[in-house]
Protein chains: 2
Amino acid sequence: MGSAGEKSRFKMTKERHTGTFEKALREGKVDKDFVPLCKYISKTKNYFTASSCAGRIALVALDKGETKKESAFYRKWHRTVAEKEVIGAVKEFSGKVLWFKQESLILHLGTDTLENAKKILVACEKAGIKRAGIKVAKEGRFIVEIIGTQTINTPVKEDGKIQADENFLNYLVKKANEKFSKNLKVLKKLEKEARKNLK
Amino acid sequence: MGSAGEKSRFKMTKERHTGTFEKALREGKVDKDFVPLCKYISKTKNYFTASSCAGRIALVALDKGETKKESAFYRKWHRTVAEKEVIGAVKEFSGKVLWFKQESLILHLGTDTLENAKKILVACEKAGIKRAGIKVAKEGRFIVEIIGTQTINTPVKEDGKIQADENFLNYLVKKANEKFSKNLKVLKKLEKEARKNLK
């Protein structure tokens, strides 16, 4: 499967993505929790990382329509957070709607053939990640999207009114920090399975 | 692509899934909002629905570990909800942790070839659904998972203590009902695109 032309095209694609990854790494733009997995992937023959976020706790501002297009990170933390930094930010917010989010890992892995893409799905299943699927399937270029499920997603302030009181915000922070740690464990499992299954 | 054996195997798979759908339909077990789309799919030549939920508002009970395995629907509604039914249920709950969830549509569509699976991804993209991917890719059997993104997901009660006060629960219900309606609009768009792209 795959002509010589497709193979060299894949090699170029992988080289380009690896270059982007290494530049981001030098500039400190890769989430530190993702570095070991991404480094391993960049050294495989058949795989590359197209984009990744290891997970984060965030406050997201939305306009009236609440569409993704209008959304903007008001605050984001790639780590566990303190109650006071979240409560302070919520108090300061003066936009339309503010959502509190604990977002799980998201990763796009690329490969050359359907068979190799299926190996990514197997690695995810073994790591206990249910949300993984092939998003792009072209000759010589397959992209698998991998999303963890450790999430919290709730609006907390609207039209200047804090809907979630301080007690509840404190509780949300505690739960988000717990989920953040669980998410990192899932990431470690994924790394282990990637090392076993993706070459 | 696909041998005669694979084709007749696909035909049998489609017939089996169509039979399951029609039985569920007769027994009133298919979400009414999904009926037009599922009926259309069952009449196509190349596609079948493997499982579906049009979207719901739910209270989910979790045990200490908070794993999916332990989770159970404490209440679920395939419709918009009234504040008092949610608040009443939260008050009554006596388990470990209770989560309030607005869940978006989830649909598994099956088909016979990679080319036909890609047509599902195109239909989803056109309908504005970002979470869609090929989960199963076997000779003669491809399954695409489609998940909407209109969600709310937050813990509200733990160890007998209601963390979200009545004001906040009322607010959550209002937001969940809005999301529920938005989700149905996405479902209508998906149906329109399915009729155009899936035959």
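Predicted model: local features only at pLDDT ≥ 70, side-chain atom pairs only at ≥ 80, totals over all residues.
Figure 1. Chain A contains five helices and nine strands. Read from the N terminus, its elements follow the order α-α-β-β-β-α-β-β-α-β-β-β-β-α. The C-alpha trace of chain A spans about 60 × 30 × 30 Å along its principal axes. Chain A has 199 residues, of which 41% count as buried. When contacts in chain A between residues at least 6 apart in sequence are considered, 71% of them join residues at least 24 apart.

**Figure 2. Relation of chain A to chain B.** Chain A is superposed on chain B by a rotation of 180° with 0.0 Å of shift along the axis, and the RMSD is 0.0 Å. This is the relation of a two-fold axis. Of the interface residues of chain A, 100% are also interface residues in chain B, so the copies meet through the same surface.

**Figure 3. The contact between the chains, seen from the side of chain A.** Chain A gives 19 residues to the contact, and chain B gives 19 residues. On the side of chain A that touches chain B, the elements giving two or more residues are α4, β6, β8 (152-158) and α5. By class, that side of chain A has nine nonpolar, five polar and five charged residues.

**Figure 4. Helix α4 of chain A and its packing.** Helix α4(A) covers residues 114-126, which makes 13 residues. From its first C-alpha to its last the helix reaches 19 Å, close to the 18 Å expected at 1.5 Å a residue. Buried residues in α4(A) are N116(A), A117(A), K119(A), I120(A), L121(A), A123(A) and C124(A). An α-helix has 3.6 residues a turn, so residues three or four places apart point the same way. Within chain A, the buried residues of α4(A) pack against β5 (106-111), β6 (131-138), β7 (141-147) and α5 (166-197). They also pack against β6 (131-138) of chain B. After α4(A) comes G128(A), which has a positive phi, near 80°.

**Figure 5. The nonpolar cores.** In the largest nonpolar core there are 62 residues, and C124(A), V144(A), C124(B) and V144(B) have the most contacts inside it. Another core lies apart from this one and has 39 residues, including L98(A), F100(A), L169(A) and V173(B). Leaving out residues up to four places away in sequence, V144(A) touches L109(A), A117(A), I120(A), L121(A), A132(A), G133(A), I134(A) and K135(A). Of these neighbours, A117(A), I120(A) and L121(A) are among the buried residues of α4(A).

**Figure 6. Strand β4 of chain A and its pairing partners.** Strand β4(A), residues 97-103, is mostly covered, with six of its seven residues buried. Strand β2(A), residues 56-62, pairs with β4(A) in the antiparallel sense over seven bridges. In this region, L62(A) has V97(A) in β4(A) as its bridge partner. β4(A) also pairs with β8(A) in the antiparallel sense, over six bridges. K101(A) stands opposite N153(A) in β8(A).

Figure 7. R141(B) is 31 residues away along the chain, yet its C-alpha atom and that of G110(B) are separated by 6.9 Å. Residues up to four places away in sequence aside, G110(B) touches T13(B), H17(B), Y47(B), F48(B), A50(B), R141(B), F142(B) and I143(B).

How values were computed
Residues numbered from 1 in each chain as written. Chains lettered and ligands numbered in written order. Core = buried A, V, L, I, M, F, W, Y, C linked by C-beta atoms within 7 Å. Buried ≥ 20, exposed ≤ 12 C-beta atoms within 10 Å, placed from the backbone. Contact = placed C-beta atoms within 7 Å. Least-squares fit on C-alpha atoms with pLDDT ≥ 70 in both. Helix = DSSP H or I, 4+ residues; strand = E, 2+ residues; numbered from the N terminus. Expected span 1.5 Å × (residues − 1). Nonpolar A, V, L, I, M, F, W, Y, C, P; charged D, E, K, R; others polar. Pairing = 2+ DSSP bridges.
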